[in-house]
Amino acid sequence: MTDKRILSVTAIKDGTVIDHIPAKSLFKVISILELDTLNTQMTFGTNFNSKKLGRKALIKISNKFFKDEEIDKIALVAPDAKLNIIKDYQVVEKREVEVPDKIVGIVKCMNPNCVTNNEKVVTKFDVVSKKDVALKCCYCEKITDQEHLKII
Amino acid sequence: MKNKSLISINDYTPEELLKIIDIAGEFEKNSVQDILKGKVIATLFFEPSTRTRLSFESAVNRLGGRIIGFTDASSSSVKKGESLKDTIRTVSNYCDLIVMRHPLEGSARYASEVATVPVINAGDGANQHPTQCLLDLFSIKKTQGTLENLNIFLVGDLKYGRTVHSLLMAMSNFNPTFNFISPDELKIPDEYKLFLDNKGIKYYEHSDFSEIILRADIVYMTRIQKERFSDPMEYEKVKNSYVLNNDMLTGTKENLKILHPLPRVNEISEDVDENEKAYYFTQALNGVFTRQAIISSILGLK
């Protein structure tokens, strides 16, 4: 009985399921995808057990399908995220995310003396390494690495 | 290069670098012309830099152009809280070209995005100072006859010195050998070594250069600043290891030239000044010709 009720809340007819988000990155993913501005039904779940991530989070969004360049932005905080595209309750497509070549906004430049941290300038980076993410600021030309990566 | 801003030395291809050097050579022969007549150049110095500003203003004045601008932020609307964007947008209306010096890194790139006229970066914090780099290249080409296959010694503060980093990037187009001579605390950062490794360029690191200087074609000296050291004792220990004096030049190559971006403090003894291998004051003069070349090529006059 209990199982049935959970199922009825979480199953979606059409939309996108984002799985394998590190639990600590759930709210960052929500903010990067600007899910707070959407009017469709959504379910967020977090702290599920995961063999790979320890604790993972999950997002289910009804009637929303992302463009590649939109969804790839979350690779910065959820590199192992998997997408399931749902149509009429069936998974019709699975895909993974990949760090894009350029990042506009989202990330803060780690150089305190960079113009983007002192004037109203949207940050802009060239991705110089995708594995251990390294971003080169298009303004001050300094590298922001994974360890210092802060989401705005 | 017409209408293209010059923000970073990497904005120019090797061919474009050589083109600017050639034009600078023309201005060296004839540096007083009227080609900038009717042009207005803005020199916006958000932090003072007398040497760089005078060099730019001399370059423009000798070509008949006019200068507007300010010499530090306290005498501008920045003090009233105006954003950089608004200052640049406004000044764009008053001039044909903006020369800008600013303490924030990346400020020049940002200015070039919001300006409606081209921007020349005259130094953005610790990041880039491309006109200094071009005048260094011009000085090297002029004294060596070529930029190819030279043995270049970079001495002093290799960690924070932006002129050193820009010169390294630009010269790496011309198959150099680099010798880096610096105290441990001021060694060349790994990212530049990685860059050279990827390009297959030879480099060697040393903590002393009195022996190996015999091999040098160019010795590029820089100032070691006391405030760069976490331990003042360390500074006292190393400060004299990176001083060049006249005796050290005995037996060096005929074509050797000593360069320095200036200002010098004590890293080159004054007894070197009269040696014909000392080139730093002529290097400063070359700055005027190089800036004339950059300005006139951006304005489409050369």
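Which residue takes a positive phi just after α9(B)? In this predicted model, local features need pLDDT of at least 70 and side-chain atom pairs count only at pLDDT 80 or more, while totals for chains, interfaces and linings use all residues. Residues are numbered from 1 along each chain as its sequence is written, and chains are lettered from A and ligands numbered from 1 in the order in which they are written.

The residue is B:Gly300, with a phi of about 75°. Helices here are DSSP runs (H or I, at least four residues), numbered from the N terminus. Helix α9 of chain B covers residues 280–298, 19 residues in total, and its first and last C-alpha atoms are 27 Å apart, close to the expected 27 Å. That expected span is 1.5 Å times one less than the number of residues in the helix.

Turning to chain A, the domain assignment (bounds from an automatic or database source) gives domain 1 at 2–96 and domain 2 at 102–151. The C-alpha centres of these two domains of chain A are 26 Å apart. Contact, meaning C-beta atoms placed from the backbone that lie within 7 Å, links six residues of domain 1 of chain A with five of domain 2 of chain A. The domain 1 side has three nonpolar, one polar and two charged residues; Ala, Val, Leu, Ile, Met, Phe, Trp, Tyr, Cys and Pro count as nonpolar, Asp, Glu, Lys and Arg as charged, and the others, Gly among them, as polar.

Between the chains, 12 residues of chain B are in contact with 14 of chain A. On the chain B side, α3 (84–92) and α4 (107–114) are the elements giving two or more residues, and α4(B) gives the most, with three. By class, this side of chain B divides into three nonpolar, six polar and three charged residues.

Notes: Two residues are in contact if their C-beta atoms, placed from the backbone, lie within 7 Å.
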